[in-house]
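Subject: Model handover

Hi,

Here is the model we talked about. Please load it first, then read the notes below.

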Amino acid sequence: MAETNFKNMTVMVVGGGGREHAIIKKIKQSPLVGKIYALPGNGGMANDAECVAIGAKDIDKICEFAVANNIDFAIVAPDDPLVLGAVDKLEEKGIPCFGPRANAAIIEGSKVFSKDLMKKYGIPTAEYEVFNSAEAALEYVKNSDTFPIVIKADGLALGKGVIIAETKEDAIDAVNSIMCDKVFGKSGDNIVIEEFLTGPEVSVLSFTDGKTMVPMVSSMDHKRIGDNDTGLNTGGMGTVAPNPCYTEDVAKVCMEKIFLPTMNAMNSEGRTFCGCLYFGLMITPKGPKVIEYNCRFGDPETQVVLPLLESDLMEIMIAVSEKRLSDVEVKFADRAACCVIKASNGYPQSYKSGFEIKEDASVIGDAEIFYAGAKKDGEKTLSAGGRVLGVTATAPTLAEAVKKAYAASNGVTFENEYKRNDIGKRALGILESL
């Protein structure tokens, strides 16, 4: 593909959460970008993009819109449309895209595929078995004597398809709920049962065009709803970057044994991956191992990684789509970032929403607000989801970034709000011990 020479580009971003808002705010800084559409977007990002009420999985309508509105470039951000082939169909219409084709997005779309890929190419991961019948899975669990174990639905499950079973009874319940009760639908037709790994977790997003792999700054997610990592798992209650567990030595091992081998493995399988490849890692006593792959930017990791990016994101995305990533500079600031998620109280179970969100610019300062669950009601912006927004601050040190993010979070308020009060605490403890 020839190098694109667009100026004043019309860009379409598919998706409607905090991750998409972070992408939109970043590409808005690019001199290459003119008009930005978000499909469907949300009410909180309406000042940064024109939101269009087309769902992220409605690929036919997305393609119709892209053609009718002369879209110069599309960014497909969520997992579902990527796995469903949104990039394939947009490219068939002649629209350049950032994001993997469906045959590469399977690295997230099927846990069985990704585990088998790692086994075949010697990429370090947990030991595992695959099951396509509940009877066989239950027999395996009943004969197991090492717990906890991890049980994963094969397909996409909104980030909730992984259950850590502490006991044999928990494991039996997990198999029954996934495979018999179909709590995750068809995603539970097959399951992976794998060994439970221990060690600190690290998220590393990376740009790749199938020839070059450029890891972004590392991050640490906080999945549990409650302080000190208690309570139910969520889509993420906050993040910090960089992750202090991801040292230079660990980064070298990951590049040599995980990142490049994964890129090469996908090429060998005829599934060249172009886009953002997310590595969910655990730094075990035996070295870094892959917990999971995602075929896209993580949420809320994106909300701390992109604010630290000094290079032009739009330029990078175009280069990835044209398979010339090695031609562009990808530079991150030598700073730290913290994102505090504000959610509706009661999330991830039942909660009330529809409350007005108020911003006080004098308190927010230069922190950034990334909206996720929000809708417009005339001039007002209302809460409209579990995770409502993220507040991200950057600073020279992580301690300063955490303090700044929490202070700024007091400048954006709504009724029935909830946030964790310890985002970054674990990372700061690790830094103090070094």
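How many bridges join strand S10 to strand S16, and do they run parallel or antiparallel? There are 8 bridges between S10 (residues 201-208) and S16 (residues 275-284), and the two strands run antiparallel.

Two notes on the source. This is a predicted model, so local features need pLDDT of at least 70 and side-chain atom pairs count only at pLDDT 80 or more, while totals for chains, interfaces and linings use all residues. Residues are numbered from 1 along each chain as its sequence is written, and side-chain values use heavy atoms, with hydrogens and water left out.

Terms for the elements: helices (H or I, at least four residues) and strands (E, at least two) are DSSP runs, numbered from the N terminus. Two strands pair if DSSP finds at least two bridges between them.

**Sheets**

S10 and S16 belong to an open sheet of 4 strands, in the order S11-S10-S16-S17, with antiparallel pairing. S11 (213-215) and S17 (287-294) each have a single partner strand, so one side of each lacks a neighbour in the sheet. The twist averages 35° from one strand to the next.

Parallel pairing occurs too. Strand S1 (residues 9-15) and strand S2 (residues 33-40) are joined by 6 bridges and run parallel. Met12 stands opposite Tyr37 in S2. S2 also runs parallel to strand S3 (residues 50-51), through 2 bridges. There, Tyr37 stands opposite Glu50 in S3.

**Helix packing**

Axes are lines fitted to C-alpha atoms, for helices over the stretch in contact, and angles run from 0 to 180 degrees between N-to-C directions. Contact means heavy atoms within 4.5 Å.

The axes of helix H7 (residues 134-142) and helix H8 (residues 168-180) come within 10 Å and cross at roughly 170°. That makes H7 roughly antiparallel to H8 (over 145 degrees; under 35 is roughly parallel, 65 to 115 roughly perpendicular, the rest oblique). Residues that meet include Leu138 and Val141 in H7, and Ile172 and Val175 in H8. The contact of H7 with H8 divides into 9 nonpolar, 1 polar and 2 charged residues (Ala, Val, Leu, Ile, Met, Phe, Trp, Tyr, Cys and Pro count as nonpolar; Asp, Glu, Lys and Arg as charged; the others, Gly among them, as polar).

Helix H1 and helix H11 (residues 313-321) have axes that come within 8 Å and cross at roughly 105°. H1 is thus roughly perpendicular to H11. Ile23, Lys26 and Ile27 in H1 meet Leu313, Met314 and Met317 in H11.

Best wishes
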